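I opened my notebook to look up a few things in a structure that is new to me. Here is what I am working from.

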Amino acid sequence: MDNLLDRALGLDGRGDRWPLLGKVVLVEDCVETGGAFVVHHIIKRFLSPQPAAASNHSLILVAFSQPLSHYDRVLRKLGCNLVAQRDHDRFLFFDMLNLRFPDRDDVKTGSSVLVSLFEKIYNAVRALSAEKNCITIVIDDIALMEVVANGSSDSVLDFLHYCRTLTSEFDCSVVALNHGDIYSTTEKPMLMLNLEYLSNILVRAEPLATGSAVDVHGQLMVFNKGEHDGQGTPGSKVHNFHFRVKENSVDFFYPGGRG
Amino acid sequence: MATPKTRASSFSRNVPSTAAPQMPGVKSGPNGTLFLSSGISDLDKILGGGFPLGSLVVVMEDPEAPHHMLLLRNFMSQGLVLNQPLLYASPAKDPRGFLGTLPSPVSSKDDKPLDRDSEQEKGLRIAWQYKKYFGENQPNSNGQRDNKFEFCNEFDLRKPLQRQFLSGQRVECMSTQDSPDLAALHDRCATFLKQFFRTDGNISGAGRIAIQSFCAPQCTYFDKEWHVLSFIRSLRSMIRSSNAVVILSFPPSLLSPSFSKRLQHMADTLLSVRAIPDEDKDLAKLLTGYQDMIGLLSVHKVARINTQVPIILEAATFSIKLQKRKFLVLECLNQAPVDGSSGTSYATSGSCSVSSKGGSLDF
């Protein structure tokens, strides 16, 4: 069952191969309109793929924002049982919530946390790919990762660059959530510019220009850099549509096409 | 260790592992959440039940008015009246002094603001016969009223809270003015929250933390932005695994915009209070009941724990009024009847929906 978001991300194909292999997806949101539902949707599509033969999908969730109980309940309502997947080693949860509060403003401690985190991810990916698994790494979210790194955006960027090397070395995907409105007042938001450059697909959740509404929760802009059109010529495409988030699913529709 | 599961599908029946809490002061909500009352019944209704346990409530202050104190006071009083331990931190030298300004709950003998429902019904009988179609709260019967007070009280802002509620064990106070950094406050919060650590069993008690004017300029840590954010991140993580609610107020106008945005993103429930200018003729023409308003409250974000569905409010800005000069109420903003003869009012009246790029007033 395809929808506008699946089509924009390239998930509407009939092939067995996960279309986002080797790609970096960046989801940006703001205070008025949260974008976590996009990440939930990708997790759900990845762990419950249509062809049952693709049972070698493994997901690593690096969570700075919410505990496992939150994701478990949300994904359960979407039709995906994270706890069961974890028992079958298809889902790894890296709980980054309970990191120690640093005693001093120590940039070194912050970056060492990211270094050890990357080591952990690398080892997990290497172990999983040895069994020919298709892997996705989800990071929720980058703004909190910056806080853990004590503001060192260089450390965060290094970390993400290293994650990107995993996409080519092990053919895995990386999906990251960030809050775009944090950087809107900075003159040269290096981290955000680098992230947008680094990513293959950019998904931006924004409020409607006319304000909030009960039936339409916001609008999504999807910029897929590697999307090919019908003739096979390489190019990129921008998709715009509205959405409404529900417990069990999300409705996507073109403006005015509510229903 | 993976135990073999015999489930055939990925769906499992949602059997709640905890029994519905019988303890006063805590109410069950959707998605397995439990609520604490904010101390303002109108605000509880607006937020869909109250403040969820395990959430961080952030109030953005207006430097021109101390209305955030109203929210903090009712929150603190509500907790003390229901025997919920409280940790209060402020930049004042002696935070305990603030406890003397906490309001007292009304007893059932006094007149209650629920009388206003019946007053309105008498005057607008024709209009209110359609009330039944809205499915809103019907006027409460006496029995329901008593049950409501187990969760949320009405507070008389003119009467101070009785001494018995302020006894030593239940209230801890801390001053943030002289600490060189936030380590001391962090440790204090950690110790406090240990008593409310969430387990799968029945909830034994709930706690409240109120932090006032966080990042006020007189605090030494004021300019250490990343240290402050680190503290909030850690506090947020601790509260997630606790049966407690933290309310924190801060002045966004005194901080850098990106720092303020980061704080706003970390909040689960985000509110802001604004002063209403006195004697503003334009506003007086635009809104009914302008003279009775003492300020405006806006709801920017409502906590979404265990769910991805956002709560979209019909109106996001409310007027703060003092009913009978003692009860705090929140009301929707109502536009005054348009003067048809002038013809210019359509151009000046605000839009009906909440606009993200809104002007000074968002209806």
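Is strand β9 (residues 207–211) of chain B largely enclosed by the rest of the structure or exposed, and why? I found that five of its five residues are buried, so β9(B) is largely enclosed. Buried here means under 20% relative accessible area, with a 1.4 Å probe and protein chains only. Strands are DSSP runs of E, at least two residues long, and helices are runs of H or I of at least four, both numbered from the N terminus.

A note on the source: this is a predicted model, where local features need pLDDT of at least 70 and side-chain atom pairs count only at pLDDT 80 or more, while totals for chains, interfaces and linings use all residues. Residues are numbered from 1 along each chain as its sequence is written, chains are lettered from A in the order in which they are written, and side-chain values use heavy atoms, without hydrogens and water.

Next I checked the two faces of β9(B). B:Gly207, B:Ile209 and B:Ile211 are buried on one side, B:Arg208 and B:Ala210 on the other.

Then I looked up the partners; strands pair if DSSP finds at least two bridges between them. β9(B) pairs in the parallel sense with strand β5 (residues 86–90) of chain B over four bridges, and B:Tyr88 stands opposite B:Ala210. Strand β10 (residues 244–250) of chain B also runs parallel to β9(B), joined by five bridges. There, B:Val245 is the bridge partner of B:Arg208.

Methods: Buried means under 20% relative accessible area, exposed over 50%, partly exposed in between (1.4 Å probe, protein chains only).
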